[in-house]
Amino acid sequence: MDGEGPGLRATLITTAPLALAIGVFGVVFGAAASATIDPLLVVAMSAVVFSGSLQFALVALLLSGAGVIALLVTTIVLNLRHVVFGAVLRPRIEVARWRRAVLSFFMIDESFGLALVGGKRATFVLAVSGVLCYFTWVTGTILGVVGARAVSLEEVSRAVFPILFIGLAAVTARGKEGMLRGLAAALIVFAIALVLPGLFDYAPIIAAIVVALPSRRTASRAVGGGNA
Amino acid sequence: MTWPLMLLVGAITFASRAVSLVFLPQLPARVRHVLDRMPTAIFAGLAAHSLVLPGSGLADIHTLAAATGALLVTPRHSLPLCLVAGIAGYVLGDLALRLL
């Protein structure tokens, strides 16, 4: 991917394995959720909410007998990372406000990552990858609701996400400092999993904020126009 | 889960995605500097997050082998190469498991 960003073909090729993995998880979600929730509502939830991690969490909470307040608090907390994602992408998305509103619906972890490394075509990549992932997520949910099973593919698809995120970290890392920052963030997530498991769902954002905060030296360079 | 609750969850999720992307004004240099440093950390954090299963330790051996494969080529800063190396790692992990 160069500075101009990828074209349609390159975007589709990069998004395809992710979209496939998301589709498999959609099947798993559809099958699991329809045992607890009205099947039509399950499909509608995937179409309206479009957030795998949140939807799985909500179903788990419903199974444990959680109330409305717990469901809403979980929704707010798990969605906090989107606020950061939007702020990071905002300078790269130069289209009319209503178009940004439409695009934001398709801003999931995966499309955000691909858009970020999409150079000057961040808007295009966000749209293409987001729509493709949306299509496979909803289709997978429908298949899961009507009885499809994806047990054999689930393990393979689970491996796609760490590979993708490692790749995106590698692409966005600038120099040795960037690589070290990524390593530090990963270590913080592991530490939170061990020491503060209750905060595990927020660990990536906590880690990112901690390692992104500038030291006194880099802050003064940034204000002076330098690139740390 | 009821329809109104599902729609409320959808509205909150959409609002969280739209609030920064739609309404955020031009940010001061210092804030943009911090934001520019976040993507690598977010992705590395998400990668680590996907390798840990809270309460039951690390992910399965295939996933760990795939992640190792991808990690080995990170100095090349290439997403396609990471995907290929990750898949190779997955296959090698699977082969190693069968041999053991």
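In chain A, the C-alpha centres of domain 1 and domain 2 lie 21 Å apart. This is a predicted model, in which local features need pLDDT of at least 70, side-chain atom pairs count only at pLDDT 80 or more, and totals for chains, interfaces and linings use all residues. Residues are numbered from 1 along each chain as its sequence is written, chains are lettered from A and ligands numbered from 1 in the order in which they are written, and side-chain values use heavy atoms, leaving out hydrogens and water.

**View 1. The two domains of chain A.** Domain 1 covers 1-150 and domain 2 covers 152-228; such bounds come from an automatic or database domain assignment. Here 18 residues of domain 1 are in contact with 15 residues of domain 2 (contact means heavy atoms within 4.5 Å). The two domains bury about 1,400 Å² between them, 84% of it on carbon and sulfur atoms. Buried area is the accessible area (1.4 Å probe) that two parts lose on being put together, summed over both. Between these domains the count of salt bridges is 0 (a salt bridge is a side-chain nitrogen of Lys or Arg within 4 Å of a carboxyl oxygen of Asp or Glu).

**View 2. Where chain B meets chain A.** Look here for 61 residues from chain B and 87 residues from chain A. Together the chains bury about 6,700 Å², 77% of it on carbon and sulfur atoms. On the chain B side, B:Arg17, B:Leu21 and B:Arg37 lose the most area to chain A, together 13% of what that side buries.

**View 3. A salt bridge between the chains.** Chain B and chain A share 2 salt bridges. In one of them, the side chains of B:Asp36 and A:Arg92 meet at 3.9 Å, N to O.

**View 4. Two residues with positive phi.** A:Phe50 has a positive phi of about 50 degrees although it is not a glycine. You will find A:Phe50 in the loop between α2 (39-48) and α3 (52-63) of chain A (helices are DSSP runs of H or I, at least four residues, numbered from the N terminus). A:Phe50 is buried, with a relative accessible area of 2%. B:His77 also has a positive phi, about 55 degrees, and is not a glycine. B:His77 sits in the loop between α4 and α5 of chain B, and at 33% relative accessibility it counts as partly exposed. Buried means under 20% relative accessible area, exposed over 50%, and partly exposed in between (1.4 Å probe, protein chains only).
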